[in-house]
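Dear colleague,

Please find below the sequence and structure that I am handing over to you.

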Amino acid sequence: MESALPAAGFLYWVGAGTVAYVALRISYSLFTALRVWGLSHEAGVGPRLGEWAGSSQPAEAETQSMSHPSDAVHLPWGQMGSQGLGNQGVHTQPMEMMLHLKQAIEKHMRQLATRHQQQDLVPEDKRPYQAPGEQEALLGNLMYQLVNLLQSGATDGPGLQPSCPSLDVKGDAGGGQWQWAQSSRQPAQPGYQLNDPEATFVSQHLSRRGIDISASYQASFQDYKMYQGDKYHEDENTLGFINLGLSENKLCLDLMTERLSQSDMNVIEDVLLQYPDWSGHPFLREEVARFLTCYCKVPAQLDPENVVVLNGCSSVFSTLAMVLCDPGEAFLTPTPFYGGFVFSSGLYSKIELIPVHLDSESTDANPCPFQLTVDKLERALLESTLAGKKVRGLILINPQNPLGDVYSRDLLEECLGFAKRYNLHVIIDEIYMLSVFDDSVTFHSVLSMESLPDPNRTHVIWGTSKDFGISGFRFGVLYTHNKEVASAVSSFGYLHGISGIAQYKLCRLLQDQEWIDTVYLPTYRSRLQKAHRYITKKLKALGIPFLNRGSGLYIWINLQVYLDPCTFEEELLLHHHFLDNKLMLSRGKTYTCKEPGWFRIVFADKPLRLKQAMYRFYQVLEEQKQRLRVKQLESTQRE
């Protein structure tokens with residue numbers, strides 16, 4: 001307590017009594033959190049901030065899994081069954097306290113912003129001296145950064161964190177001035193919206209655009225970076241992260257490694273070592289056109305001149321958004337939807353994605369959970385237009401991510417008809433088209449239609465990352481009948497092109513239709529079915545509701561019963577409990593789901609990793625149930 005008092009005394013000197021009290025509580029709470037961490041580390045009972053303890057002496061435990069008594073599982077540090085709730089990881093130790101701290105500081109920041117806006121109405125010569133307010137604002141901002149730093153568990157430098165109200169503090173000889181640092185995407189707003197993903201720290205080196213991009217990157221890939229530094233390995237790192245959050249196909253790496261190692265792949269020619277056509281080498285675009293004609297069941301041969309290849313489907317989407325929209329314009333997108341679109345759309349194009357929320361509840365009007373209808377698109381378009389937004393297009397993912405739905409031909413025709421009525425572009429992402437493993441489900445590509453309602457506004461994306469499990473190749477395809485769009489997107493090949501050697505290997509892979517049809521696809525779909533059965537069996541044993549679809553690499557599961565209250569804050573806490581157990585899932589908020597408690601779990605992985613992952617999943621839910629029982633008991637006692 002003594003260490004916190006000097007800071008509190010200083011706060012009282014620079015601000016009003018109320019601000020001093022808030023700062024005192026904040027300072028003491030931060031001091032307490034730091035002291036707890038320091039003592040636990042000195043005593044050897046807890047990890048350093050931002051580290052996983054016990055890494056030098058990993059503890060392994062062989063316990064019984066839910067339905068596999070003989071399965072040996074390896075537990076991350078601090079997650080032994082006997083320890084229960086007494087040993088929380090670095091992600092959740094301070095989480096509850098930090099949430100309260102951030103709320104208190106946010107309230108203080110709002111008061112400062114309101115005061116500043118009110119003072120703008122007073123003539124400058126009649127304003128009171130502002131230096132205390134300037135110091136007060138700066139101190140509040142620094143403390144907010146410290147809270148974010150502690151919450152992220154970072155020890156190797158102050159990274160940019162999202163959802164921080166930033167202050168651009170400027171001083172001059174005539175008196176201090178401060179203002180909210182605003183995103184370049186919202187120049188007209190007088191004040192900053194708290195909890196906005198664009199809110200960032202003020203940087204002395206980055207432009208506002210650079211700050212936006214850096215903060216968006218940190219927010220989107222913080223967990224992924226942590227996973228990259230501590231991956232699970234069956235022999236070398238059994239206590240590492242198992243990633244069932246990233247939609248990555250690891251089921252047929254053996255087949256792909258063997259095929260890509262054959263002699264016909266190992267060709268080096270002069271043309272492959274030189275700059276290519278920015279839209280892709282002609283030999284690759286010709287093969288892509290033949291491949292899509294075959295597997296999309298297109299009535300007539302596709303034109304290679306309508307094909308553009310870039311380094312990944314996200315690059316294709318980002319550049320498409322760039323050439324189809326001006327900054328501030330919008331696309332409709334049914335939600336929940338792939339969260340990478342949010343990052344991609346903000347990177348270059350600065351467009352808005354307007355969610356068309358789909359309901360999880362089944363009703364007479366909505367017989368299937370999360371059902372897309374044209375009526376919902378019509379309603380969203382009308383509301384957006386009335387709000388003054390300029391909607392330029394519609395984004396569809398088929399098969400859908402994260403739901404796994406495969407759209408019927410009738411629904412696709414209705415959606416394309418809707419877009420034509422309002423002169424909207426349609427971007428259709430078909431990256432999972434060969435990952436339909438239920439024999440009763442039929443995939444229909446829009447390219448298979450006899451005639452598109454508006455071919456010049458229909459643009460298809462596909463790639464090999466999911467269906468072929470070679471995401472490291474960074475290969476994405478655009479097919480569009482619109483020559484102007486193809487030409488505009490091709491210009492980004494100057495920045496997002498693929499190496500000539502990779503293009504050659506991809507061409508040879510897509511040419512080998514006999515191997516694809518007789519070896520790869522049958523094996524791949526069989527393994528998908530087996531992995532899907534394993535995960536769904538486990539989910540049923542736990543009584544967890546989920547969408548049982550027949551496509552994609554993932555399952556959309558409902559964990560709302562494990563949230564009390566059912567809020568996105570509690571969803572985030574549960575997400576961090578999974579991280580504490582070295583298990584990565586994707587939470588519903590990432591997909592702009594309007595209901596908290598939904599998660600996406602990827603099952604396209606090797607059996608051993610899935611077994612280990614589901615044990616960790618089970619452990620987290622058991623601990624969460626115990627937390628909820630304690631919480632309910634305490635609530636009852638208070639009442």
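Predicted model: local features only at pLDDT ≥ 70, side-chain atom pairs only at ≥ 80, totals over all residues.

A total of 26 aromatic pairs is present in the structure. One of them joins F370 and W556 in an edge-to-face arrangement, with 6.4 Å between the centres and 75 degrees between the planes. F370 belongs to the loop that runs between β6 (352–357) and α10 (374–386), while W556 is part of strand β11 (residues 554–558), so this pair ties together parts that lie 186 residues apart in sequence. Both F370 and W556 are buried.

W556 also takes part in a second pair, with W598. Here the rings are stacked, at 5.8 Å centre to centre and with 10 degrees between their planes. W598 is buried, as is W556.

Elsewhere, an aromatic cluster is formed by F291, Y295, W462, F468, W515, Y520 and Y524.

Two lysines are also placed over aromatic rings. The charged end of K582 is found over the ring of F241, at 5.2 Å from the ring centre. K589, in turn, lies over the face of F568, and the distance to the centre of that ring is 4.4 Å.

With kind regards

Technical notes
Residues numbered from 1 in each chain as written. Heavy atoms only, no water. Phe/Tyr/Trp six-rings, centres within 6.5 Å; stacked < 30°, edge-to-face > 60°. Helix = DSSP H or I, 4+ residues; strand = E, 2+ residues; numbered from the N terminus. Buried < 20%, exposed > 50% of the residue type's maximum accessible area, 1.4 Å probe, protein only. Lys NZ or Arg CZ within 6 Å of the ring centre and 35° of its normal.
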